[in-house]
Amino acid sequence: MTLIQDLASRLSSAFETVLGESVAVTVVAAADLRFGDYQSNSAMALAKQRKTNPRALAEQVIAALDLGDLGTADIAGPGFINFKIAPQTFAARAKAQLADPRLGVPVTGEGRTVVVDFSAPNVAKPMHVGHIRSTILGDSLARIARCLGYGVITDNHIGDWGTQFGMITWAWKNCLDAQALEADPLQELLRLYRHASDSAKADETIREACRLELVKLQAGDDENLGIWHRCIELSRIGLDRIYDRLDVAFDHWLGESAYNEALAPLVERLLADGLARESEGAICIFSNGVPEDPAKDPFLIRKDGEWTDFPMMVRKSDGGFNYATTDIATLEFRRNEWKADAAWYVVDHRQSLHFQQLFAVAERIGLGDMDLRHIAFGTILGTDGKPLKTRSGDLPQLADVLDEAVAAAATAVAERSRLDTDEERAELAELIGISAVKFTELAHHRLSDYVFDLDKMLALQGDTAPYLQNSVVRCRSIFRKLDEEIDLAAVTPVLEQEAEIHLARYLARYGEIVPSILEDHRPNLLANYLLELARAYHSFYEACPVLKADTAVRNSRLVLCDLTAKVLVHGLSLLGIRCPERM
RNA sequence: GCUCCCGUAGUUCAACGGAUAGAACAAGGGUUUCCUAAACCUUAGAUAGAGGUUCGAUUCCUCUCGGGAGCACCA
């Protein structure tokens with residue numbers, strides 16, 4: 001049980017005693033430590049409902065409140081109830097936390113299966129910087145959900161069946177450079193794609209030719225399927241290399257092509273059930289009048305002063321399917337085959353309208369009980385403040401960006417690392433460079449745009465991954481210098497210095513932070529927490545010598561060091577970031 | 001035109017409707033015979049504007065201004 005849960009439960013009993021009925025109460029970590037460690041606004045909220053005086057209610061509640069030896073409570077302002085936790089409570093918590101493999105993180109997702117759909121690059125095009133967000137964010141959310149006990153299925157729903165394959169196939173047939181393909185397959189595929197894309201843009205007949213290649217592929221044409229297989233195979237090599245470096249793995253790679261067989265029957269069924277109908281030669285799903293407010297209806301749009309249909313198209317007039325069809329089929333598969341209770345789509349915010357439609361369709365086809373989330377994120381901007389554009393083709397490739405990050409980290413390592421061998425240093429540079437990129441992503445609010453600025457990303461001080469990693473290294477270093485075996489599990493810390501209490505206070509919050517991330521799918525809350533914890537540790541480290549202290553104090557502080565290292569390592573692992581032993 | 005997202009220190013970011021808006025970078029001043037200075041301590045600096053709801057608003061509502069995105073055969 002976390003401190004918040006403990007306090008809330010005791011407070012709830014006190015309210016029940018006073019009011020004669022059970023009521024919901026809230027307790028949150030105090031924003032300002034001068035007021036205590038935790039606070040509750042419930043007296044104000046409940047007094048308002050009952051039209052009584054909030055301070056008077058709070059006083060009655062505090063009189064009825066049994067905090068045991070947790071700490072003390074008092075009233076402030078218009079009726080805040082502030083809790084001050086006793087140092088020995090924090091000490092006992094630290095001891096218990098150290099003995100707990102979960103470090104105090106509760107299990108909140110047991111029995112629930114969630115599919116996390118993220119990364120999903122288009123095959124045959126190298127990943128570019130724009131793919132960082134979905135990949136890193138999705139991986140972290142999957143790790144966090146797994147930690148909380150959810151059954152997690154990660155699925156890389158790659159774009160391996162869409163329009164770009166028509167283009168690539170056309171270019172493959174018309175201007176493949178076999179030697180270049182041999183030498184550097186990924187670059188040749190990219191060249192083919194760019195060539196076709198540019199040509200199609202400029203020339204109507206080429207656009208049509210590409211479209212026909214796609215139709216042939218989707219109809220099962222042998223030659224086109226052969227080319228397709230070859231492209232997938234080659235692309236996988238490049239993708240795997242990047243996922244390896246990023247330490248990202250998927251349970252499944254069920255791309256759009258995996259659902260090809262399901263699409264035609266799906267559309268027939270939608271037609272038969274009256275959920276879709278023909279329009280201008282295409283098959284579409286229209287508004288069914290729910291919700292009543294047309295502005296909230298994803299199938300309506302305002303045009304020339306009136307609300308007009310904005311249907312979801314499931315079959316094009318040429319008979320081809322588009323990704324709306326695939327997404328519906330994919331969702332059904334995830335429910336039927338994987339028994340998923342939830343699906344989280346970690347996808348660019350620009351697709352929010354599409355997901356509103358998809359989720360509305362899910363309701364209509366009987367999947368309304370699924371918890372479907374579009375976990376949207378903002379745009380990565382260039383240093384000019386404008387979005388990096390996908391179509392232009394001149395986006396920095398992800399692999400190059402990672403190389404640059406590692407190179408910059410290598411410079412820093414060369415200047416300040418205490419590691420001896422070149423091998424260790426190279427390994428550290430790789431770790432720090434990748435960590436810096438990941439942490440930059442995860443420390444931001446997912447909906448905000450951010451400027452992709454390598455220099456800032458790699459400023460290896462302040463609010464960065466190396467700052468956190470360095471805290472762990474400092475913890476570990478102490479234990480390397482310790483020349484005796486101590487059974488820390490037997491030690492009950494005694495907290496006297498403010499820096500010790502402050503550190504213990506933050507350690508106790510870990511179990512409260514991790515579940516809260518999934519309330520709005522925001523790993524940046526964890527990133528912020530870890531920075532605060534690391535700051536508390538660094539301050540403690542400066543103020544409280546460990547190894548030179550008397551035995552009892554030393555052992556007490558060793559518990560804090562060990563627990564800090566464990567929480568930081570665990571928290572960083574939920575962000576997909578590893579820690580070095582030394583740096 | 002309509003819909004959605006976003007406007008917080010010079011810069012990059014925080015803040016379930018809570019109290020005196022919190023960090024980092026940059027700027028100024030300090031700290032190392034002492035466990036890793038990728039650190040610590042310290043000074044200065046911000047809610048775009050106007051209304052409204054509320055005991056209480058950066059947060060919710062309305063409008064204005066500014067930035068971005070989306071608007072059926074692309075994904």
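1. Helix H12 and its buried residues. In this predicted model, the buried residues of H12 are Thr325, Thr326, Asp327, Ile328, Ala329, Thr330, Leu331, Arg334 and Arg335.

2. What lies over H12. The cover of its buried residues includes three strands, E5 (113-117), E11 (312-315) and E12 (342-346). Helices H11 (260-272) and H13 (352-364) also contribute to that cover.

3. Length of H12. The helix runs over residues 323-336, which makes 14 residues.

4. The largest nonpolar core. How many residues does the largest nonpolar core hold? It has 158, and those touching the most other members are Val116, Ala145, Ile168, Ala405, Ala409 and Ala436. Domain 1 (3-85) and domain 2 (163-246) each supply at least three residues to this core. In soluble globular proteins, nonpolar side chains tend to be buried together.

5. Val116 in detail. Beyond its neighbours within four places in sequence, Val116 is in contact with Gly138, Leu141, Ala142, Ala145, Val152, Thr154, Trp344 and Val346. One of these, Ala145, is also listed with Val116 among the core residues that touch the most other members.

6. The chain as a whole. Chain A has 583 residues, 42% of them buried, and its secondary structure comprises 21 helices and 15 strands. Its C-alpha atoms fill a box of roughly 80 × 70 × 45 Å along the principal axes. Of the contacts with a separation of 6 or more, 73% join residues 24 or more positions apart.

How values were computed: Residues are numbered from 1 along each chain as its sequence is written. Chains are lettered from A and ligands numbered from 1 in the order in which they are written. A nonpolar core is a set of buried Ala, Val, Leu, Ile, Met, Phe, Trp, Tyr and Cys residues joined through C-beta atoms within 7 Å. A residue is buried if 20 or more other C-beta atoms lie within 10 Å of its own, exposed if 12 or fewer, and partly exposed in between; C-beta atoms are placed from the backbone. Domain bounds come from an automatic or database domain assignment. Two residues are in contact if their C-beta atoms, placed from the backbone, lie within 7 Å. Helices (H or I, at least four residues) and strands (E, at least two) are DSSP runs, numbered from the N terminus. The expected span of a helix is 1.5 Å times one less than its number of residues.
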